[in-house]
Amino acid sequence: MSVISCILVAFAAVSFAFPSVLLAGDAEAEPGAFSFLRRDFSGTPRSRFAGMSGGAFSSEYGRLRKELEDSYDACYVGLDDDGRRELFESEVFWEKYFSSYEKNLCGVLDRPLLIYADGAKNPVITNVYREIVTEILRWRIDDLKRWKQGHYLSKPAMNAEDIELKLTAERRRTASIYPLSL
């Protein structure tokens, strides 16, 4: 198959799969997979992460890491030896989880991107990588602060046995997917 015929086949496949692309000049075209290409996004709201400079993000990231470290230390001091060991082990696993998110998301999503929120009705421009990374750090900080106060369950309706069953099932599932990663 020649290069030209490959291009024509690809164009025909796209035309069939996404018919609204061919109707880009028609104002009444049905929305399709590429209909967003016809819109002007100059007035689209931007999250604070979309325009954040690298220095500003580094500053926020450093502040959250410091807060995480302080929260960890405060929680660690209030525990007995067994609790400290378990907290340390959980922190090792959490750091692996967090670094995998950073590594996998940074190269792909560390730039302003247009995302649709609210059921694909309201577009917003944001930096998905920075938003996810800061949110994960905040979740961990909140968990450590809650644990320091003695509140270990995020949902009071769940009992420890249910949580242990879910954790065991999740560990088995994770081990079957990534046998050597943990």
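Here is a friendly conversation about a predicted model and some of its residues and helices.

Modeller: A note before we start: residues are numbered from 1 along each chain as its sequence is written, and side-chain values use heavy atoms, with hydrogens and water left out. As the model is predicted, local features need pLDDT of at least 70 and side-chain atom pairs count only at pLDDT 80 or more, while totals for chains, interfaces and linings use all residues.

Colleague: Which pattern does the chain follow along the sequence?

Modeller: The chain has 5 helices and 2 strands. These are DSSP runs numbered from the N terminus, with helices being H or I of at least four residues and strands E of at least two. Read along the sequence, the pattern is α-α-α-β-β-α-α.

Colleague: Is Asn 127 buried or exposed?

Modeller: Asn 127 lies in strand β2, residues 122–127. Buried means under 20% relative accessible area, exposed over 50%, and partly exposed in between, using a 1.4 Å probe and protein chains only. Because its relative accessibility is 2%, Asn 127 counts as buried.

Colleague: Which residue's backbone nitrogen does the side chain of Asn 127 reach?

Modeller: Leaving aside neighbours within four places in sequence, Asn 127 is in contact with several residues, including Ser 47, Phe 49 and Asp 110. Contact here means heavy atoms within 4.5 Å. The side chain of Asn 127 also comes to 3.2 Å from a backbone nitrogen, that of Tyr 129.

Colleague: How are α3 and α4 oriented to each other?

Modeller: Two packed helices are described by the angle between their axes and the distance between the axes. Helix α3 (residues 81–109) and helix α4 (residues 128–148) pack at about 165 degrees, with axes 9 Å apart; axes are lines fitted to C-alpha atoms, for helices over the stretch in contact, and angles run from 0 to 180 degrees between N-to-C directions. Angles under 35 degrees count as roughly parallel, over 145 as roughly antiparallel, 65 to 115 as roughly perpendicular and the rest as oblique. So α3 and α4 are roughly antiparallel.

Colleague: Is Gly 107 buried or exposed?

Modeller: Gly 107 has its place in helix α3. Its C-alpha atom is separated by 8.8 Å from that of Tyr 129, 22 residues apart along the chain. Because its relative accessible area is 70%, Gly 107 is exposed.

Colleague: What share of the residues of the chain count as buried?

Modeller: The chain has 182 residues. Among its contacts with a separation of 6 or more, 59% are between residues 24 or more positions apart. The share of residues that count as buried is 24%.

Conventions
Polar contact = N/O pair within 3.5 Å; in protein donor to acceptor, adjacent residues only side chain to side chain.
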